[in-house]
Every structure is written in structure tokens, then in C-alpha cells.
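Please consult the sequence and the structure shown below while reading.

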Amino acid sequence: MGLFFYYFTRFADHFILLYSGLLFLTYFILSSVSAREMINYLRKNSFIDYRDILTAPSAPSISIIAPAYNESKTIVENIRSLLNIHYVNFEVIIINDGSKDNTMQLIIDAYELEKVPYAFDQKLPCKNIRGVYKSKIPSLSKLTVVDKENGGKADALNAGINISRYELFAAIDVDCILEYESLLKMVKPFMEERGNRQVIAVGGVVRIANSCEVQDGKIIRVNLPKQIIPRVQVLEYIRAFLLGRMAWSRLNGLILISGAFGMFDKKIAIAAGGYNHKTVGEDMELVIRMRRYMEERSKKYRVVYLPDPLCWTEAPDNLKILSKQRNRWTRGTAETLWLHKKLIFNPKYGFLGTISMPFWFLFEWLAPIVESLAFFYLIMMAFLGILNMELFITLFFLIYAFAILYSTAAILFEELSYHQYKKKRDIFRLLGTALIEPLVIHPMNVYYAVRGNLDLMTGVKNWGEMKRTGFAGAKKAAIKK
Amino acid sequence: MNKLLQINWTDIQYTSEEMDRAIYAFPLHLRVLIAITLFFLATVLILLFIILASRIRKTKRAERKVFLQKKYQDVFSKILYDDHPDFNVIDPKDLKHSFDRDTLTQEIVHLHENFSGEIAARLEELFRASGLYRDSITRLNHRRWDKKAAGMREIALMNLREATDKVAPYITSKNEILRYEARVTIMKLSVSDPLSFLDKETEWLSDWDQANIFTMLRKMPDSAIPDFSRWLTSKNPSVVAFAISMIGTYHQHQAVPQLISMLDHTDERQRLLIIRALRQCEATVAEKKLIERYESETSTVQDEILHSFSTLGATSAIQFLDRLLEQPQEDIAQTILIIRSLLSAGPVGISAVDKRLQHGDDRLQMAIHHAKDQRL
């Protein structure tokens with residue numbers, strides 16, 4: 001027993017050290033690739049005039065699909081914001097996914113809607129559509145509203161795809177605020193296709209809108225959130241989007257386009273089977289399935305990511321909602337990895353199978369599990385009085401220093417690229433957040449992720465509703481300050 | 001209390017030997033980990049320094065920019081509206097530093113974009129007289145490609161024709177942005193035949209490239225627009241695609257017979273563009289050939305043909321379209337297009353649709369209701 005325990009502790013010590021080392025190395029490589037790609041992107045696009053697309057005969061048409069569930073607080077304003085998007089040829093499809101509140105009635109009244117005899121093929125499976133509505137007002141001809149039975153976000157998006165008329169579709173959370181030129185920027189990679197290399201999806205940076213000033217559906221002043229929980233998420237989003245996804249895009253290994261805002265080739269999305277109802281991580285699952293579809297047919301393709309801040313969203317501002325969100329993200333990741341387990345470490349799927357999927361398995365899904373096991377291991381060692389205190393303290397400070405370094409690098413990227421937080425004290429507040437986050441919020445996120453895995457095993461299927469306060473509230477708060 | 005706070009420095013002063021002993025008391029692996037931790041922390045401090053330096057630099061630059069903008073607002077207004085403007089108005093002090101010169105260049109270029117004719121010519125004169133044009137030309141020799149591209153953009157916008165020869169070599173550059181900027185610059189500066197570069201174009205012109213070339217074309221007088229049929233025989237498929245698209249956009253009817261003969265093209269995208277161009281040229285003469293080709297076409301091209309029939313009000317296609325409705329259609333969107341084509345063909349087409357409304361199955365009736373609804 002003693003010998004077993006000796007070898008077990010030796011193995012555990014080395015495993016933790018090796019895993020941490022690999023994680024550091026991976027993040028270092030990703031941020032290096034990201035830096036290079038970011039410089040290239042900024043140089044390439046510094047003197048681009050996106051308005052050229054507006055007059056181009058070759059500009060593709062876009063269907064914007066926005067599911068809505070119990071959004072009565074903000075729906076009318078949100079639709080107005082979507083209709084004001086700067087683009088040449090687009091339609092806005094709002095899917096009322098069986099809301100229990102008066103969302104549908106509010107839309108009908110505000111936009112003078114009436115039921116129309118809309119004929120369509122059900123190319124993708126979705127719940128029963130009760131009716132399709134158009135406005136009596138000719139200037140609102142771009143707006144289509146679909147009223148359907150509740151089936152979840154994936155189901156609503158599939159319904160939207162079935163109804164849509166154009167070759168590209170943008171899936172967006174209805175409460176998101178889009179930047180003025182966001183569609184123009186998103187469409188450019190599709191227009192840059194050369195020869196037989198097809199762009200199948202494009203994603204962009206999602207930013208946190210808490211505490212920002214919003215007027216007429218537009219962000220008029222960017223503020224750093226006053227509350228610590230959304231402020232930590234600002235840091236997380238900068239790290240994930242500017243340091244992570246930019247690198248994956250450069251390596252053509254991106255498998256996640258945020259559900260908040262992404263643009264897709266409709267034909268490929270339909271051919272791949274559309275959004276999957278069986279997972280709460282439908283955004284990631286669709287991208288993997290589209291990539292898998294292309295790989296299995298040996299077609300050349302790209303999934304592109306843009307570092308421009310294109311979309312602003314409200315982040316959870318309390319632990320209850322944050323826990324639900326993180327729980328859902330974990331379940332979504334686990335379900336998606338399980339659905340596509342065939343791809344992990346499978347060289348037949350090229351970079352996707354050998355690098356992207358193993359990374360997500362080892363460092364996204366597994367990381368919180370390893371962290372929590374390591375934590376319990378340390379407690380056990382301390383309880384037994386055999387904890388190597390010197391090693392523990394050294395490792396703790398090493399990991400803490402790396403966490404601060406990684407966040408500081410992200411803040412530097414943000415400062416040198418888009419420079420969204422212009423107030424002098426914002427930098428110090430972000431740096432302060434970087435010091436606090438690993439000690440306070442990160443352990444909680446690890447706990448929520450572990451709970452997510454446990455919930456998945458025990459069969460919890462809840463999507464984890466996000467309660468919105470609405471941007472009107474954000475504006476008031478900012479002005480009051 | 002004071003005594004408590006007094007520090008006896010001799011107690012905490014270590015000799016280098018004692019320090020070495022303290023450090024080497026740790027095992028090797030711990031020493032390595034400590035070294036890495038210190039390296040991380042040192043890097044944090046360096047990054048922090050860069051962040052703060054960048055922020056101070058940005059703030060100073062923003063302030064300087066605002067200062068220059070305010071200083072030259074009235075000066076530039078005089079250039080624009082005075083009867084006899086003085087072009088040597090820029091303070092030599094403001095031409096010393098590259099940032100100031102870049103700011104002034106940006107201001108002049110930005111103003112220039114909003115004007116044409118005499119006023120634009122005055123701004124070009126100011127650009128030359130102040131010597132700012134030299135920066136744009138010097139930028140062409142910069143080692144960084146983005147600086148070269150920016151220089152080309154300024155040369156094009158400010159009509160620096162003397163730089164044409166220096167830009168021309170970049171038209172075959174391996175860097176796509178430089179190639180594209182060179183194309184646009186040559187187009188802008190060329191006195192005759194602005195699209196001559198298309199004759200030698202071997203690289204693929206993406207939709208984005210085509211959009212940019214079209215933007216430049218839109219700014220040219222009608223007399224400068226070439227006959228695009230010249231490139232229909234190009235060996236570069238993307239040049240052919242661009243030519244087809246422009247024939248439609250500029251309604252170059254003389255190219256219609258050539259386009260009709262190209263309807264048998266093997267590339268689906270080319271056929272799609274040809275049908276679109278024929279529609280834009282209102283080439284009803286193509287209807288017969290389109291009907292002939294319909295059955296053998298892909299569903300995307302079929303949709304485009306139907307869209308053309310519906311736009312052109314193709315009376316000669318009524319029988320053909322009515323026959324199509326008899327056959328079961330897989331795609332309801334295509335059925336709607338067929339019905340819309342019939343509805344646009346006048347009373348005979350409308351009556352054919354009405355007949356189907358009475359006798360068709362539920363799916364067809366649904367499609368007819370959809371097609372007839374003006375809101376959809």
C-alpha cells in the first residue's frame with residue numbers, strides 16, 4: 001500500500017507539472033501566432049473602405065436570423081436596431097420561439113404585422129411553425145417574423161434557415177448590439193474567396209456591453225463594467241477572442257464561432273444538417289459539423305475569424321446567472337466533443353482531427369476537471385501531513401504569475417489594436433481585475449464547469465436562461481455615474 | 001511604538017555567500033520553477049511598461065491631432081473658397097515631424113474625397129506645394145508593404161500622375177494588397193484605357209477585388225468605360241467573370257450575342273453571371289436558348305433563368321413554364337419562381353396560374369398564394 005501510495009503521489013506530482021507546462025506552452029504558441037495574425041490583419045485592413053461592398057454587383061445577400069424567447073423587455077428596440085444595419089441587401093428574420101410572455105404581441109403591435117401565406121420547404125427539422133408575419137408598412141419589407149412552438153435556440157435557428165431566402169445567413173442573439181459596419185466586415189472574407197477555396201463561416205469578436213452607454217440601438221460610449229463579475233468577463237473575452245481565436249483562424253483550426261454573432265454559408269450548413277437539437281452547444285457543434293462535412297468530401301475551405309469588435313452583448317452580472325451560463329457552456333462542449341469523438345486524434349481530418357479537437361478535449365474540457373482533482377489531491381496530501389509545502393507554494397506562485405502574464409498580454413493586445421477602453425484608469429482597473437481573477441472568479445468558474453459535467457452525467461438538459469436587464473438600464477446606470 | 005517600528009538593518013543584511021546558501025538550499029527543480037516565476041513577473045512588468053507608454057503616446061498624438069485639425073481648419077477653408085488662394089500656408093514647423101505630416105496628409109486626402117473639379121485640383125496643388133507628396137512617393141520604397149500600399153492609395157487619391165511609373169511594377173507583386181492597390185492606382189491615373197492591366201492579369205480576381213475595381217469605375221466619366229466584351233476571351237476565368245458582370249451593369253447590349261453563345265460554358269458560376277447580365281441588358285432574344293438549357297442546368301442556374309423570365313415578362317416562355325408546373329417540383333422556392341414568371345408574363349400567364357389554383361394540390365396552392373402576395 002505504502003509503495004502504491006509513493007508511486008501514486010510521484011505520478012500525480014509529475015502529471016500536474018507536465019499538464020501545466022503543456023498548457024503554458026500551448027497558450028504561449030497561440031498568443032504568438034495571434035500576435036502575428038493580428039498585426040497582419042490590422043495592416044491589411046487599415047485603409048480598407050468597406051463601403052465599396054454597398055455598390056458591388058457581387059455583394060452577397062444576407063439573412064439575419066435572431067431567435068427570441070421571453071424578450072418582451074427589449075424586443076421592439078432590438079428589432080429596430082437590426083433593421084438599421086448598414087448593408088445593401090438583407091432580410092431580418094425574428095423567430096419567436098414559443099415565448100411565454102407577450103413578446104409576439106409586442107412585435108405585432110409595434111411593427112403592424114399580419115399573417116402571410118409563406119410557403120417554404122422544411123429542409124431542416126424544427127418544431128411546428130404557427131405562422132409567418134410581415135409588416136403592413138412597405139418600408140419594413142425586410143422584416144419577417146416567425147411564430148413557432150418552443151423548441152430551443154437550435155430549433156429556432158433551423159426554422160429561420162428554412163424561411164430564409166439568401167445564400168448567407170447571420171445567426172445573432174436578438175439582444176446583441178451590432179457595430180455599424182459589422183455585416184460589411186463579416187461579408188468581406190466570403191467575397192475574398194479565390195478559386196476553389198470556400199469560406200464556410202465567419203465569426204467576430206463579441207464584447208461586453210454592461211455599463212456602456214447605448215442610444216437608439218447603438219453603443220455611443222464604451223465603459224468598463226463597474227461590477228467585478230462582468231469586468232472579469234471583459235478580460236476573459238479579450239483573452240479568448242484576441243489571443244485564442246485569432247490564432248485558430250490563422251491556423252484554419254477554428255471550431256467555435258460565438259452563438260451571439262456568426263455568419264454561415266447556408267448551402268453548406270443545410271448540407272451538414274443544420275443546428276443540432278441534442279446539444280446546448282449548438283454554435284460549436286454546427287461549425288464542427290460543417291468542417292467535418294467539408295473534410296469528408298476533401299473540399300478546400302476556411303473558417304475565418306475577425307478581431308474587430310462587431311457585436312456587443314450583456315454579460316451575466318451575478319454569480320447565479322454566471323453559474324448557469326458556465327454550466328451550459330461546459331455541457332455544450334462535452335456534448336459536442338462526444339458527438340464528434342471520432343475526430344479526436346484522427347489524422348484523416350487533418351488539422352481539425354490532430355490539433356483543434358484534441359486541444360479542446362485536453363485543455364478546454366479537461367482543464368477544470370484536472371484543476372479540481374489537483375485541488376483535492378493537495379487537500380488530501382495536506383490532511384495526511386505529506387504535502388511538500390515548498391513545491392506547493394512555488395507551483396502556486398508560478399501558475400498565478402502565468403495567469404497574470406497571460407491577462408496582461410491580452411490587455412496589451414487590446415491596447416495596441418482596438419483600444420476600446422480609453423479612460424486612463426480603465427487600464428489599471430483591468431490590471432487589478434487580472435490580479436483578482438485567478439484567486440476569486442476562476443475557482444468559481446472551475447466549480448461551475450465541474451457541476452456542468454456532473455449535470456450532464458445526471459441528465460440535466462436545462463439551457464440556462466440569461467435574464468436580461470436590457471441596455472436601457474445600462475445607459476441609465478452610466479449617466480447616473 | 002517607535003521602538004517597535006525601528007528596523008535593525010544589520011539583522012537583515014546578508015552577505016553574498018549567505019544569499020547563495022539560501023538560494024541553493026532549494027532543490028534544483030524548485031530553483032527552476034522560481035526562476036520561471038520571476039521571468040513571468042518580469043515580463044508582466046515589461047508589458048505593463050509597454051501598455052502605459054503606448055497609452056501616453058496615443059493620448060499625446062490624439063491631442064496633437066486635434067490641435068493640428070483646429071489650426072488648419074480655417075486655412076484649408078480659405079484654400080477651398082478664396083479667389084486667389086495661397087498654397088504655401090503650412091507652417092514649416094508642422095512639416096518637421098512625420099506624425100504631423102501624416103496628419104496633414106490625412107486631412108487633405110479626406111477633404112479631397114469630398115470634392116471634385118476645381119476645388120479638388122486646389123487641394124492637389126496644396127499637397128504638392130507643401131511638399132507632402134514627397135512622403136507619399138517615399139512610402140513606395142518603405143520596407144513594410146502596408147506603408148507602400150498607403151503611399152499608393154495617397155498617390156491615387158491625390159492624382160500624382162508623375163508617380164505612375166513607380167507604381168506600375170507592383171501590379172505583378174506577390175503581395176495581394178500591393179497588387180490590388182497598384183491596380184486601383186493605375187486605373188485612377190491612367191489617361192486612356194484604365195483597365196489595360198486586365199489584359200495581363202494572371203492572378204485570380206476575387207469578388208472583393210472586383211468590387212474595388214467597380215468602385216473606381218463608378219467614379220470615372222462614362223466616356224472612360226471600356227467595351228468589356230474585349231475580356232470575354234481572357235484566359236483568366238475571374239477576368240471573364242468580371243467582364244460579364246460589367247457588361248450587365250453598364251448595359252453593353254452589343255455584347256449580348258457573344259454572351260448568348262457563352263451560355264454553354266462549362267463553369268456554373270460563369271453561366272450564372274451570363275444569365276444575370278442578359279437580364280440586366282433586357283435581352284429577350286436569349287429566352288429561347290434559356291428554355292433549351294433549363295432542363296440540363298443545376299438548380300441554382302435554373303433559379304436564375306426563372307428570375308430572368310419573371311423580370312423580363314417572358315411571354316414566349318408561358319407554355320414552357322406551365323408545363324414545368326405540371327411536373328412535381330422538389331423545391332417550393334423554385335415553384336414560386338415559376339409562378340412569378342407566369343404572373344409577370346401578362347394575362348395569359350395569370351390565367352394559367354389561376355387555373356392551377358383551382359386544380360393544383362395543396363403544396364402548389366400554397367406556392368401560388370405565396371407568389372401572388374406582394375409583401376413576400
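Ile39(A) counts as partly exposed because its relative accessibility is 44%, where partly exposed lies between buried (under 20% relative accessible area) and exposed (over 50%), with a 1.4 Å probe and protein chains only. Ile39(A) belongs to helix α1 of chain A; helices (H or I, at least four residues) and strands (E, at least two) are DSSP runs numbered from the N terminus. From C-alpha to C-alpha, Ile39(A) and Ser417(A) are 8.4 Å apart in space, although 378 residues apart in sequence.

**Conventions**
- Residues are numbered from 1 along each chain as its sequence is written, and chains are lettered from A and ligands numbered from 1 in the order in which they are written.
- In this predicted model, local features need pLDDT of at least 70, side-chain atom pairs count only at pLDDT 80 or more, and totals for chains, interfaces and linings use all residues, while side-chain values use heavy atoms, without hydrogens and water.

**Interface of chain A and chain B**
- Contact (heavy atoms within 4.5 Å) joins 57 residues of chain A to 55 residues of chain B.
- The buried area between the two chains is about 4800 Å², with 66% given by carbon and sulfur atoms; this is the accessible area (1.4 Å probe) that two parts lose on being put together, summed over both.
- Arg43(A), Phe47(A) and Arg194(A) supply 15% of the area that chain A buries against chain B, more than any other three residues.
- Four salt bridges are counted between chain A and chain B, each a side-chain nitrogen of Lys or Arg within 4 Å of a carboxyl oxygen of Asp or Glu.
- Asp121(A) forms a salt bridge with Arg363(B), and their closest N and O atoms are 2.9 Å apart.
- Elements giving two or more residues to the side of chain A that touches chain B include α1 (2-45), β4 (129-135) and α12 (389-416) of chain A.
- α12(A) gives the most to this side, with 16 residues.

- Not counting residues up to four places away in sequence, Phe264(A) touches residues including Phe169(A), Phe190(A), Tyr275(A) and Met290(A).
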